Amino acid sequence: MQTITSWSSSGVTDPVAFTFGSFDGIHIGHQQLFTFLKNSAREKGLKTAVLAFSNHPQEVLFPGKIIPKICSLLVRRKLIEEMGIDYLLELPFTPEIAQLEPEE
């Protein structure tokens, strides 16, 4: 699995099936999502990519709110890698991202 921390310098040129979220702990629902992603990608000949925010969105939406971490970024990387994902993009959730419309 390739871990990427900057979209502009990612070097990803493969077509991908993609999902995103905070993925602060890789519970059974996340595992099912990743399995669905891998199966869908395989059917279409695509690689898999997961964008996992490096901070929790609620920390940006509700400043000062303390969000307990379920697992460290290092553990999360290992768990996502074990799920067989090709690319992990770890990017910060920012106020600018919070303002985007779903289509954007």
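How many residues of strand 4 (residues 87–91) are buried? The legends below, which describe a predicted model, begin with this strand.

**View 1. Burial of strand 4 in the predicted model.** Strand 4 is mostly covered, with 5 of its 5 residues buried. In a regular strand, side chains alternate between the two faces of the sheet. Both faces of strand 4 are covered: Y87, L89 and L91 lie on one side and L88 and E90 on the other, and all of them are buried.

**View 2. Bridge partners of strand 4.** Strand 1 (residues 2–4) pairs with strand 4 in the parallel sense over 3 bridges. Within this pairing, Y87 of strand 4 is the bridge partner of Q2.

View 3. The 4 strands form an open sheet in the order 1-4-3-2, with parallel pairing. Strand 1 and strand 2 are the edge strands, each pairing on one side only. On average, neighbouring strands of this sheet are turned by 20 degrees against each other, direction ignored. Strand 2 and strand 3 pair in the parallel sense over 6 bridges, and A17 stands opposite T48 in strand 3. Helix 1 packs on the sheet and touches strand 2 and strand 3, its direction making about 150 degrees with that of strand 3. Helix 3 likewise packs on the sheet, touching strand 1, strand 3 and strand 4. The direction of helix 3 makes about 155 degrees with that of strand 4.

**View 4. F23 in the loop between strand 2 and helix 1.** F23 is found in the loop that lies between strand 2 (16–21) and helix 1 (28–44). Although F23 is not a glycine, it has a positive phi of about 45 degrees. With a relative accessible area of 4%, F23 is buried, because buried means under 20%.

**View 5. P68 in the loop between helix 2 and helix 3.** P68 is found between helix 2 (57–61) and helix 3 (73–82). Its relative accessibility is 63%, so P68 counts as exposed, the cut-off being over 50%. P68 and D24 are 44 residues apart in sequence, and their C-alpha atoms are 9.3 Å apart in space.

**View 6. Confidence along the protein chain.** The chain averages a pLDDT of 91, and 96% of the residues score at least 70. Among the elements of the chain, helix 1 has the highest mean pLDDT (96) and strand 1 the lowest (85).

Technical notes:
Residues are numbered from 1 along each chain as its sequence is written. This is a predicted model: local features need pLDDT of at least 70, side-chain atom pairs count only at pLDDT 80 or more; totals for chains, interfaces and linings use all residues. Side-chain values use heavy atoms; hydrogens and water are left out. Helices (H or I, at least four residues) and strands (E, at least two) are DSSP runs, numbered from the N terminus. Buried means under 20% relative accessible area, exposed over 50%, partly exposed in between (1.4 Å probe, protein chains only). Two strands pair if DSSP finds at least two bridges between them. pLDDT is the predictor's confidence in each residue, from 0 to 100. Axes are lines fitted to C-alpha atoms, for helices over the stretch in contact, and angles run from 0 to 180 degrees between N-to-C directions. Contact means heavy atoms within 4.5 Å.
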